[in-house]
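Dear colleague,

Please find below the structure that I am handing over to you.

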Amino acid sequence: MLGVIIALILNSIIVLLASYIVPGIKLYSFFYAVIVAGVIGLANALVHHILVWMGIPPNYLTYSLFTLLFTAGFILAISYWLPGIEVDGFKWALIYAVVIAVLNASIHSIIHHF
């Protein structure tokens, strides 16, 4: 349980930091970053299990590309439902998803080295 909370806090920080990097994304508070990070994490976990259930092997190239497109679409959908995040279009949502993925991979690889 503690690991899930720590992961959510780290991912929330990543989501908030990425919103400062990508100019087409506006995130208004850390509270909304926690919600966005939680929803994205839950959605990506469900997509992985659905793909495995469908028999689609999540190899590195297609699964990563599909996950980025799915995450971008989901970020765009979240911006319609949640008043604390604004996205200027799918292009910015896709760039935001890539920045989140890169920051997430970087931070988690640094943490796993310690």
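The notes below cover a surface patch and the aromatic pairs.

The model is predicted, so local features need pLDDT of at least 70 and side-chain atom pairs count only at pLDDT 80 or more, while totals for chains, interfaces and linings use all residues. Residues are numbered from 1 along each chain as its sequence is written, and side-chain values use heavy atoms, with hydrogens and water left out.

On the surface, a nonpolar patch is formed by Met1, Ile5, Ile9, Ile13 and Phe30, with about 520 Å² of accessible area together. Such a patch joins nonpolar side chains (Val, Leu, Ile, Met, Phe, Trp, Tyr) within 5 Å, from residues with over 30% relative accessible area and no salt bridge; a salt bridge is a side-chain nitrogen of Lys or Arg within 4 Å of a carboxyl oxygen of Asp or Glu. Areas come from the Shrake-Rupley method with a 1.4 Å probe. Helix α1 (residues 2-21) gives the most to this patch, with three residues. Helices are DSSP runs (H or I, at least four residues), numbered from the N terminus.

Two aromatic pairs were found in a search of the whole structure. Phe31 and Tyr32 have ring centres 5.5 Å apart and planes at 70°, so they are edge-to-face. The rings of Phe70 and Phe74 are stacked, because their centres lie 5.6 Å apart and their planes are at 25°. Rings pair if their centres lie within 6.5 Å; planes under 30 degrees apart count as stacked, over 60 as edge-to-face and the rest as tilted. Phe70 and Phe74 are four residues apart in helix α3 (residues 60-81), and therefore about one helical turn separates them.

Yours sincerely

Key
Patches are made of residues with over 30% relative accessible area and no salt bridge: like charges are joined within 9 Å, nonpolar side chains (Val, Leu, Ile, Met, Phe, Trp, Tyr) within 5 Å. Helices (H or I, at least four residues) and strands (E, at least two) are DSSP runs, numbered from the N terminus. Rings of Phe, Tyr and Trp (its six-membered ring) pair if their centres lie within 6.5 Å; planes under 30 degrees apart count as stacked, over 60 as edge-to-face and the rest as tilted.
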